[in-house]
Amino acid sequence: MRRWVLWLPLGLFALFFVAVAVGLMTPKDNIIESKMIGKPMPAFSLPAAIEQRPGLSSNDLVDGKPKLLNIFASWCVPCIAEAPQLLELQQAGAEIHAIASRDTPGDIANFLNRWGNPYSRIGSDATSSVQLELGSSGVPETFVINGKGIIVHQHIGDIRKENVPELLKMLKEAE
Amino acid sequence: MRYLVFFIFLTAAWSAAAQTGLPPAPYANQQLADPAKEAAASELMEELRCLKCQSQSIADSNAPMAGDMRSQVRERIAAGETPEQIRNWLIDRYGNWVTYDPPVTPMTWPLWIAPIFMLIAAAWLARGRFRRKKDKS
């Protein structure tokens, strides 16, 4: 038997050790991006979530003007954190539609009274069916949709101050 | 008796009420009437990953969204879709990540080929051993 063969098990172990060490030290990545980016909006129709705003269907997202589609819930804490940024986006001229995930009209009304209402339409997604159609895995998430109804971007998590100009730029490019 | 009622009350699962004010989706915790369809649905639910609690299957998870996914699976099976159609519908939206039965792709083929490779290597090693013994005798 040749000499180097004797070192083979140790070499294999070293390789295994390095693989495990790298795996342990790499920070965990729990973010699941939607595979729907670049694809047209799936067809859906949701009833109104509160009395003051109409419901939302996929047709409302195909009228030639780019839009933001925000998925939120009154029971979601990061949704409170992003509320001022959504208002800022709306004041800058962005049209924002919303999907309320697993929520009741009373809770949504309270939430919007307290933190502001930047939405022109709010659909109530009581069983997450539209969220699953969109490849969305939580709240809050924000989709940028161009005038033809194609999903061009997915923002996962709350919108921070620094994301506002990015999103406005994307809306402009999506025209 | 009064204590018993009190303790049952104490230990009842309140966690479901913690996150969302809505009841679970219609088929989240209710089986399909047809046993064959329910069997197909539950087999698929064991193989789909929960989006909220990512190391569990949707069959194991109590997350409201896992319940919504179970309901979707049962409703689609009841409507006549095959488990593979439902799996592909989810893969189109979330990627291969969502299934615990990963398809063979350039990323995953070593996983499938490794056992075969190891068997061949073992057979080759064993063959060497047997031959040496014969030579000595």
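**The sheet in chain A**

A: Let's start with β3(A) and β4(A), which pair in the parallel sense over five bridges. Strands here are DSSP runs (E, at least two residues), helices are too (H or I, at least four), and both are numbered from the N terminus; two strands pair if DSSP finds at least two bridges between them. This is a predicted model, where local features need pLDDT of at least 70, side-chain atom pairs count only at pLDDT 80 or more, and totals for chains, interfaces and linings use all residues. Residues are numbered from 1 along each chain as its sequence is written, chains are lettered from A and ligands numbered from 1 in the order in which they are written, and side-chain values use heavy atoms, with hydrogens and water left out.

Q: Which residue is the bridge partner of Ile71(A) in β4(A)? And what does Phe72(A) stand opposite?
A: Ile71(A) has Ile99(A) as its bridge partner, and Phe72(A) stands opposite Ala100(A).

Q: What's the strand order in the open sheet?
A: The order is β5-β4-β3-β6-β7 in chain A, with mixed pairing. The edge strands are β5 (121-125) and β7 (151-156), each pairing on one side only. From one strand to the next, the twist averages 20° (axes are lines fitted to C-alpha atoms, for helices over the stretch in contact, and angles run from 0 to 180 degrees between N-to-C directions).

Q: How many residues of β4(A) are buried?
A: Six of its six, where buried means under 20% relative accessible area, exposed over 50% and partly exposed in between, with a 1.4 Å probe and protein chains only. Ile96(A), Ala98(A) and Ala100(A) are on one side, and His97(A), Ile99(A) and Ser101(A) are on the other. In a regular strand, side chains alternate between the two faces of the sheet.

Q: Switching to helix α2 of chain A: where's the kink?
A: At Ala83(A), shortly before Pro84(A); α2 covers residues 77-91 and the kink is about 40°. That bend is the angle between axes fitted to the seven residues ending there and the seven starting there. Just after α2(A), Gly93(A) takes a positive phi of about 105°.

Q: What covers the buried residues of α2(A)?
A: Among the elements covering them are β3 (67-72), β6 (141-145) and α5 (163-173) of chain A. The buried residues themselves are Cys79(A), Glu82(A), Ala83(A), Gln85(A), Leu86(A) and Leu89(A).

Q: How many disulfides over all chains?
A: One, counting a pair of cysteine sulfur atoms within 2.5 Å. Cys76(A) is joined to Cys79(A), S to S 2.1 Å. The link is right-handed, with 90° about the S-S bond, and both cysteines are buried.

Q: And over in chain B, why does Cys53(B) count as partly exposed?
A: Because its relative accessibility is 22%. Cys50(B), at 0%, counts as buried.

Q: What does Glu38(B) touch?
A: Leaving out residues up to four places away in sequence, Glu38(B) touches Gln31(B), Leu32(B), Met45(B) and Arg74(B), with contact meaning heavy atoms within 4.5 Å. Glu38(B) is in helix α3 (residues 35-46) of chain B and counts as buried because its relative accessibility is 8%.

Q: Last one: how many residues of chain A are in contact with chain B?
A: 22, against 24 residues of chain B. The area buried between the chains is about 1,900 Å², with 58% from carbon and sulfur atoms; buried area is the accessible area (1.4 Å probe) that two parts lose on being put together, summed over both. Ile32(A), Arg102(A) and Leu132(A) supply 36% of what chain A buries against chain B, more than any other three residues.
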